[in-house]
Amino acid sequence: MDVRVRFAPSPTGALHIGGVRTALYNYLLARKHKGTMILRVEDTDQNRYVPGAEDYIVNSLKWVGIQIDEGLEPRIRQSERKEIYKEYVSKLVETGHAYYAYDTSEDLEEERKKDPNFQYDAKTRMRLNNSLAGKKSDGPSVIRFKTPSNVDVTVNDLIRGEVTFNTSQVDDKVLMKSDGMPTYHLANVVDDHLMRISHVIRGEEWLPSAPLHVLLYKAFGWEDTMPRFAHLPLLLKPDGNGKLSKRDADKAGFPIFPLNWQESIGYKEAGYLPEAIINFLVLLGWNPGTEQEIFSMDELIEAFSLERINKAGAKFDIQKAQWFNQQYIRKKGPEMVEFLMANRSDCDRQKAERIVEVLKDRVTFQKDFLTMGKFFFEAPTTYDDVLNKKWSPAADLFFTKLEEVLRRNPDPAAFKMNIEVAASETNVKSGSMMQILRVAITGGTAGPDLVSSMEILGAPEVADRIQKVIEYGKKGK
RNA sequence: GGUCCGUUCGUCUAGGGGUUAGGACACCAGAUUUUCAUUCUGGUAACACGGGUUCGAUUCCCGUACGGACUACCA
């Protein structure tokens, strides 16, 4: 059997990270079996449509490396397939599996107010339609599915096994809205059938409506070609409870995914590498059964299987995501050199390479090269307070000597020796001066190896910075 | 409320009728590093609870608790 899967987002906003994982699992299954990955835009809700969201989603998928085989060119949009759904739903009406209903949203609201457990079932079907019979010819109508009463429907889920629902819990869902657009249920089933989808891999939030979908396949007579279902465990909020949603974008420290979506910051802007996101995400709900943690996309395709997806929801742990990012930054030295050069016009390749070399084991995000490495380009303008605390006549003596030595012998390989020379000539312990030296060079107390940093800076620049600190020390004291 | 799904260290997870319950992130300690980070070594830390079944249950079954999803002319 050909594996044909689809990722079917609705363009109602940014693609969130859970959506990326769903797309990823679909993609991995498709590639693993040399199948087809289809993108289908489910834009049947006119009210929630957000211009630009569709391109955003497409770009996001591209950025993380999820390739689409069908549905990109030309784009498949459900809003452009209205006639198809109309045709199919009328078949359902003809065969008695669906019917026109004339009650308005307000009517239903009334009913729900009267009965909090209101359900649109066989009984309401009779009652409401009888009382509304007069409106039939002209008023707006929807088409509802005629749910068979009191039947057990079993959904065979690849992840959860057999899940059985009784139709007494399933109401007569709307299939076609009064604006002529299909609902998810109709469009989804019709499209999955028409596109010969083999596996429906989607979030667990769809499990409760899966029996409806099974019933729909039966009503259409498509039972034999019904796709296999796999309902994915949900991604949960990192802090407490609840599923991850697009609204979490607003919460500081937990941005949505990735490219700039209007005002919110995404993972890309936050400095995450696509490889790290994929690697982190794939392990949230799936594992290879080995202790391997770092995977390239090709390795994932090789290792992936639906059977090893687990059932329980996973909380998003930003610290682990950062760890993955760190791992990939280290692997991507050459790219980091390019990044640095692209962001600092005053940086040549040789310098960039050396900076990346000393910095790459200590950064988490690309942008850390810029912040941690700033002192390689700009002399500090302010100093950490330890400079004031530790400055002393001895320091004055030592640094004056060190500056002199450096001016005399600017050999970049001689820093270590020069420091010792200055120390012994002024009779101070070099160790006690190192922290002040660091502050003088970098402005702060933490950073990459000092000697390496000075080598990159060069003796003249280091001497200049020392001179500046001597003056500063004199003024400060 | 109802229906459905779930529950192994703080987090992601492996495992599975008899194990010292394994790994990773995080955390703590030591070593290395004239700083911080890295690296290395070590450590703390888990089978939700109650009943069965069984010689034996964390593993199988049933309940309970807790968590989650759904319950729209949204997807």
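Angles under 35 degrees between axes count as roughly parallel, over 145 as roughly antiparallel, 65 to 115 as roughly perpendicular and the rest as oblique. The axes are lines fitted to C-alpha atoms, for helices over the stretch in contact, with angles from 0 to 180 degrees between N-to-C directions. This is a predicted model, in which local features need pLDDT of at least 70 and side-chain atom pairs count only at pLDDT 80 or more, while totals for chains, interfaces and linings use all residues. Residues are numbered from 1 along each chain as its sequence is written.

Helices are DSSP runs (H or I, at least four residues) numbered from the N terminus. The axes of α1 and α9 come within 10 Å and cross at roughly 80°; the two helices are therefore roughly perpendicular to each other. Their contact (C-beta atoms, placed from the backbone, within 7 Å) involves these residues:

| Helix | Range | Residues in the contact |
|---|---|---|
| α1 | residues 17–32 | I17, V20, R21 and L24 |
| α9 | residues 274–282 | I278, L281 and V282 |

Of the contact residues, 6 are nonpolar, none is polar and 1 is charged, where Ala, Val, Leu, Ile, Met, Phe, Trp, Tyr, Cys and Pro count as nonpolar, Asp, Glu, Lys and Arg as charged, and the others, Gly among them, as polar.

Helix α9 is largely enclosed by the rest of the structure, because 8 of its 9 residues are buried (20 or more other C-beta atoms within 10 Å of a residue's own). Its buried residues include E275 and N279, and their cover includes α1, α2 (53–64) and α11 (318–331).

Note on methods
Chains are lettered from A and ligands numbered from 1 in the order in which they are written. Two residues are in contact if their C-beta atoms, placed from the backbone, lie within 7 Å. A residue is buried if 20 or more other C-beta atoms lie within 10 Å of its own, exposed if 12 or fewer, and partly exposed in between; C-beta atoms are placed from the backbone.
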